[in-house]
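Below are my notes on the model you sent, as numbered points.

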Amino acid sequence: MANVLIKTPCASAVLAHFGVTGTTWNQRTGRNVWPDTLRRAGYSVRSRMSKMPKGATVGKCRSKLAQIAQEEPSIKGFVVRVQSHVLVLDRTGRTVVDTAPRKRDARRVKGVMAIM
């Protein structure tokens, strides 16, 4: 596998949390490819953004993520995308991996991926 670039430490930390090493960034296309790397490692990566309320922030979506996890027992955790960053929340909505932590997290959610 290719080396992980310095520009994606948060995506590298997300992969490491799930026990996966590999590429997080494609230099040719300029895209984050961490979801594909997780898929190749045997994980299922599915969007749950449609279940989030409009204008959701990381702090406000925690209870909704816990509710989704109760409905879908196969979910191991959630990867939440915010502006230029990704973080991992567990099944209860607690932050597990965040390379830029916040005391009160008001970052607007751009995407939520359930990892199964």
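1. Ser 44 counts as partly exposed, because its relative accessibility is 22% and the class covers values between the buried limit, under 20% relative accessible area, and the exposed limit, over 50% (1.4 Å probe, protein chains only). The residue sits in the loop that connects helix H2 (34-40) with E3. Helices (H or I, at least four residues) and strands (E, at least two) are DSSP runs, numbered from the N terminus. Ser 44 touches Ala 114, Ile 115 and Met 116 when residues up to four places away in sequence are not counted; contact here means heavy atoms within 4.5 Å. Between Ser 44 and Lys 76 there are 10.0 Å in space, C-alpha to C-alpha, and the two are 32 residues apart in sequence.

2. On provenance: this is a predicted model, in which local features need pLDDT of at least 70 and side-chain atom pairs count only at pLDDT 80 or more, while totals for chains, interfaces and linings use all residues. Residues are numbered from 1 along each chain as its sequence is written, and side-chain values use heavy atoms, with hydrogens and water left out.

3. Strand E7 is mostly covered, with five of its five residues buried. Gly 111, Met 113 and Ile 115 lie on one side of E7, Val 112 and Ala 114 on the other, and both faces are covered. In a regular strand, side chains alternate between the two faces of the sheet.

4. Which strands does E7 run antiparallel to? Strand E3 (residues 45-47) is one, joined to E7 by three bridges. E4 is another, joined to E7 by five bridges in an antiparallel arrangement. Two strands are taken as paired if DSSP finds at least two bridges between them. Arg 46 stands opposite Ala 114 in E7, and Gly 77 has Ile 115 of E7 as its bridge partner.

5. Strand E5 (residues 85-89) is also mostly covered: five of its five residues are buried. His 85, Leu 87 and Leu 89 point one way, whereas Val 86 and Val 88 point the other. E5 pairs in the antiparallel sense with strand E4 (residues 77-82) over five bridges, and Phe 78 stands opposite Leu 89. With E6, E5 pairs in the antiparallel sense over two bridges; in E6, Thr 95 is the bridge partner of Leu 89.

6. The turns on either side of E5 can be checked by their phi angles. The hairpin of E4 and E5 has two residues between the strands, and Ser 84 there takes a positive phi near 60°. The hairpin of E5 and E6 has five residues between the strands, and Gly 93 in that turn has a positive phi of about 95°.

7. Which residues touch the most other members of the largest nonpolar core? They are Met 52, Leu 65, Phe 78 and Val 80, in a core of 17 residues. Helix H3 (58-71), E4, E5 and E7 each supply at least two residues of this core, and the largest share, five residues, comes from H3. Apart from this core lies another, of 16 residues, with Val 14, Leu 38, Val 86 and Met 113 among them. A nonpolar core is a set of buried Ala, Val, Leu, Ile, Met, Phe, Trp, Tyr and Cys residues joined through side-chain atoms within 4.5 Å. Leu 65 is in contact with Met 52, Phe 78, Val 80, Leu 89, Arg 91 and Val 112, leaving aside neighbours within four places in sequence.

8. Asp 105 deserves a look. This residue lies in the loop between strand E6 (95-97) and strand E7 (111-115), and Asp 105 counts as buried because its relative accessible area is 9%. Its side chain makes a polar contact of 2.7 Å with the side chain of Arg 107. A polar contact is a pair of N or O atoms within 3.5 Å; within protein, one must be able to donate a hydrogen and the other to accept it, and residues adjacent in sequence count only if both atoms are side-chain atoms. Asp 105 also touches Thr 57, Val 58, Gly 59, Arg 62 and Asp 98, not counting residues up to four places away in sequence.

9. Overall, the protein has three helices and seven strands, in the order α-β-β-α-β-α-β-β-β-β along the sequence. The radius of gyration is 14 Å, close to the 13 Å that the globule rule gives for 116 residues, so the protein is as compact as a globular protein of that length. That radius is taken over C-alpha atoms, and the rule is 2.2 Å times the number of residues to the power 0.38. Of the 116 residues, 44% count as buried.
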